[in-house]
Amino acid sequence: MLKLHYHPLSTYTRRVRIALIEKGIEHETVLVDMARRAHREPDYLAINPYGRVPVLQDDDLLLYESNAILGYLEARHPSPALVPADAKGRALVDMHLRLSDIQMARQTGVIVFPKRFLPQSKWNPEAMAAAKAEIEKHLAVLEQQLGDRRWMVGDEYSLVEVSYTPFMQFLPLMEIVAPPRVAAWAERMLARPSALETAPAN
Ligand SMILES: N[C@@H](CCC(=O)N[C@@H](CS)C(=O)NCC(=O)O)C(=O)O
C-alpha cells in the first residue's frame, strides 16, 4: 500500500493529502517527528536525502517532491481526473504547477515559516517584504490568467488548485489582499472538503 511520510503542519505535504482525498486513494501515513529532528536522522535521510516531507513510498519507489508526487498519483489513479484530457490543458497544468513552486511556494515560506515557528526577533523583515512583493506581482498575473473562469485550467478543478490550496490558506497571515478573481478562486478551493479536512491548526 502507498505510504505517505508526513507532518501535520507541513504545507507541502498538504498538497499530497488533498490529492489523496480528492481521488479517494487508500494509503498509510507515517508521522515524521520533526520537532525531535527525526527528519535529520540517518534512517529518514535514507528515504529522502534532503531531509524533508512529504515522501511518498510505493514499494521500491521513493518520491520526495510534492508536485512530482501529484503527477504520480494522477498517473496511477487517473479517476477522478485532476488534469484535462487534451494536450494543451495538460501543458497548462504543468506550467502552473511549476509556477506555483517558483513564484508562490518559495516566497510564502520566507514569510510564513518565521511567522508560524520563530520568535519575531529572528524574523528578517527585508526578506519578508521582498517575498510579499513577489507574491503580489504573481497574484496580479494569476488574476489575468483566470479571466472569468472558476478554475485555472479549463472548466474543472485540477492539480493546479491542489498545488495552490495550502499556500492560498496563508494569504491572511502574510497580510496579502488578493485581487478579486484570485480571492474568489482561493475561497472556492479552500471550501472543498479536502481542504477543510487538511487545514493546519496554525
Ligand atoms: N520542494 C519540496 C519542499 C518540501 C519542504 O520544504 N518541506 C518542508 C515542510 S513543509 C520540510 O520538510 N522542511 C524541513 C527542512 O527543510 O529541514 C516539495 O515540494 O515537496
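Buried residues make up 30% of the 202 residues in the chain. A residue counts as buried when 20 or more other C-beta atoms lie within 10 Å of its own, as exposed at 12 or fewer, and as partly exposed in between, with C-beta atoms placed from the backbone. The model is predicted: local features need pLDDT of at least 70, side-chain atom pairs count only at pLDDT 80 or more, and totals for chains, interfaces and linings use all residues. Residue numbers start from 1 along each chain as its sequence is written.

**Overall fold**

The chain has eight helices and four strands. From the N terminus, the order is β-α-β-α-β-β-α-α-α-α-α-α. These are DSSP runs numbered from the N terminus: helices are H or I with at least four residues, strands are E with at least two. The C-alpha atoms fill a box of roughly 50 × 45 × 25 Å along the principal axes. The radius of gyration is 17 Å, which agrees with the value near 17 Å for a compact globule of 202 residues. It is taken over C-alpha atoms, and the globule rule is 2.2 Å times the number of residues to the power 0.38. Of the contacts between residues at least 6 apart in sequence, 69% join residues at least 24 apart. A contact requires C-beta atoms, placed from the backbone, within 7 Å.

**Two domains**

The domain assignment gives domain 1 (3-76) and domain 2 (87-197). Such bounds come from an automatic or database assignment. The domain centres, taken over C-alpha atoms, are 21 Å apart. Ten residues of domain 1 contact eleven residues of domain 2. On the domain 1 side, H1 and H3 each supply at least two residues. H1 gives the largest share, seven residues.

The table sets out residue classes.

**Val 32**

Val 32 sits in the loop between strand S2 (28-31) and helix H2 (42-45). Val 32 counts as buried because it has 24 C-beta neighbours inside 10 Å. Leaving out residues up to four places away in sequence, Val 32 touches His 5, Tyr 6, His 7, Ala 38, His 39, Tyr 44 and Val 53.

Conventions
Contact = placed C-beta atoms within 7 Å.
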